[in-house]
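Let's take a friendly walk through this structure. Have a look at the sequence and the 3D view first, and then we can go through the details together.

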Amino acid sequence: MKPAPFVHHSPRTLDEAVAVLGDVGHDGKVLAGGQSLIPVLNMRLAQPAHLVDINRVAGLDTVTVTDTSVRVGAIVRHAQLEKHDGAYAVLPLLRQALRNVAHPAIRNRGTTVGSIAHADAAGEMPSIAVLTDAVIEAIGPRGRREIAAREFFEGPLQTLLEADEILEAVRFGRFAPGTRTAFLESARRHGDYALAGLGVAVDVEGDGPDAVVRGARAAYVSVTDIPVVLDLSEAVAGQRVSSASWDGVEELVQAGIAPEADIHASSDYRRALAVELTRRALTTAATTTEPATTTTEGHA
Amino acid sequence: MTDTDQTAPALVDVTLRVNGVEHTRTVEPRRLLSDFLRHDLRLTGTHVGCEHGVCGACTVLVDGDPMRSCLMFAVSAQEHELTTVEGLGTQEAMGPVQQAFVECHGLQCGFCTPGFVTTISAFIEENPDPTLEEAREAISGNLCRCTGYQNICKAVVRAAEIRRERSTSSTEAGERA
């Protein structure tokens, strides 16, 4: 299993990268961490004639925490974002989800932005992008443009990104104060593609056991073609976090997902799993002691 | 097939530092790091199993972090410091992980072992006193078809112990000197 021959481009600046991809984009791919692309090349499922390797492009390796978002550059590794304390303090959902992305050795090389560009239905970070109302920053020969994550994904492995555009960064939106989050998935082997999984954001009013749930949203992994946000509020609003029953979410979850069967699990099994994982994730989120996004400063 | 497919792309000079030694070879850009190590540098300690990132046998350390050498091109590994299993000890002076594998019977056929040794070496640097549960988690990205993993988990804990013993005795030796 070896890749077909290609020309390797190693631009040092973003302008250079945009120019090169502008020339070869019709038969070229951007190489960031390569943890999804290189298996595809090794198995010859794709044979681009050019690879534009952006690993040495200056300025793409930073995580920036602002009042409204966590901005992640194109070559920030999953592990780098997972360990970023500033990002964790304001948006713990990132670390909660990243711990489920493949294995540590893959997270050391793979990039968060790259996995969003790849748009695998089993990928964790596309779901986190929609759940946080992320903004996708693309750059190409026609300049820069910003795309809402909720519109970015068109189908499995398909996005609005043009062949000559580079995904420069993703800005994950911070939640309103009082939002509690969790991420949960189930796989045959920890780190493998999940049979089903989800991230949840629960809006909570108050503190302690008497705090009341105002609403909840979820975004799923492996059970929807593209990541979508499911609003579970009508089934959970008004409950106390310490004694909440989440049984009412089943109907909403069933209506919102469309899992396919494969050799690992039937569609029905995935449905049952998604419902149960939703209950557990809601419980975890509602009772979490991880930092909530309650302040807008002092964490950067 | 397009014209580009039939014209071989230009060869590139790749310079890598592996286990402290610098090597330069002229290769195709598509040369995987795993093949560069094995074929071009004859460092055959790095094993190649699945070639799509699942098995972990080809794991090497890039600037100290475990990565799959089958999911990197040699040309992308330039300017980084690589460590392979050959750099983690010799038969005469085994590294802590290798010593622990011997003591705990952590291998049978040995095919997967180089990937475990590199992965665990990095892990015990980060977590010098792991529990058995943490050890299990640490090796979850590496496949072994022989052992059933129990002895490998024990070897992780033992390797951390040996590493601590060695660093204590070297500190004591340093204090005496």
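In what order do the five strands of the open sheet of chain A lie? The order is β4-β5-β10-β6-β7 in chain A, and the pairing is antiparallel. At the edges sit β4 (63-65) and β7 (143-148) of chain A, each of which pairs on one side only. From one strand to the next, the twist averages 20°. Strands here are DSSP E runs of at least two residues, and helices are H or I runs of at least four, both numbered from the N terminus; two strands pair if DSSP finds at least two bridges between them.

Before going on, please note that this is a predicted model, in which local features need pLDDT of at least 70 and side-chain atom pairs count only at pLDDT 80 or more, while totals for chains, interfaces and linings use all residues. Residues are numbered from 1 along each chain as its sequence is written, and chains are lettered from A and ligands numbered from 1 in the order in which they are written.

Strand β11 of chain A is largely enclosed by the rest of the structure, because seven of its eight residues are buried (20 or more other C-beta atoms within 10 Å of the residue's own, with C-beta atoms placed from the backbone).

By an automatic or database assignment of bounds, chain A divides into domain 1 (7-53), domain 2 (63-173) and domain 3 (179-286). The centres of domain 1 and domain 3 of chain A, taken over C-alpha atoms, are 36 Å apart.

Now for the two chains together. Their contact (C-beta atoms, placed from the backbone, within 7 Å) takes 27 residues from chain A and 26 residues from chain B. On the side of chain A, β1 (7-9), α2 (37-42) and α6 (104-107) each supply at least two residues.

Chain B has its own helix α2 (residues 33-40), where Leu33(B), Ser34(B), Asp35(B), Phe36(B) and Leu37(B) are buried. The buried residues of α2(B) pack against β1 (12-18) and β2 (21-27) of chain B. After α2(B) comes Arg42(B), with a positive phi near 60°.

Technical notes
Two residues are in contact if their C-beta atoms, placed from the backbone, lie within 7 Å. A residue is buried if 20 or more other C-beta atoms lie within 10 Å of its own, exposed if 12 or fewer, and partly exposed in between; C-beta atoms are placed from the backbone. Axes are lines fitted to C-alpha atoms, for helices over the stretch in contact, and angles run from 0 to 180 degrees between N-to-C directions.
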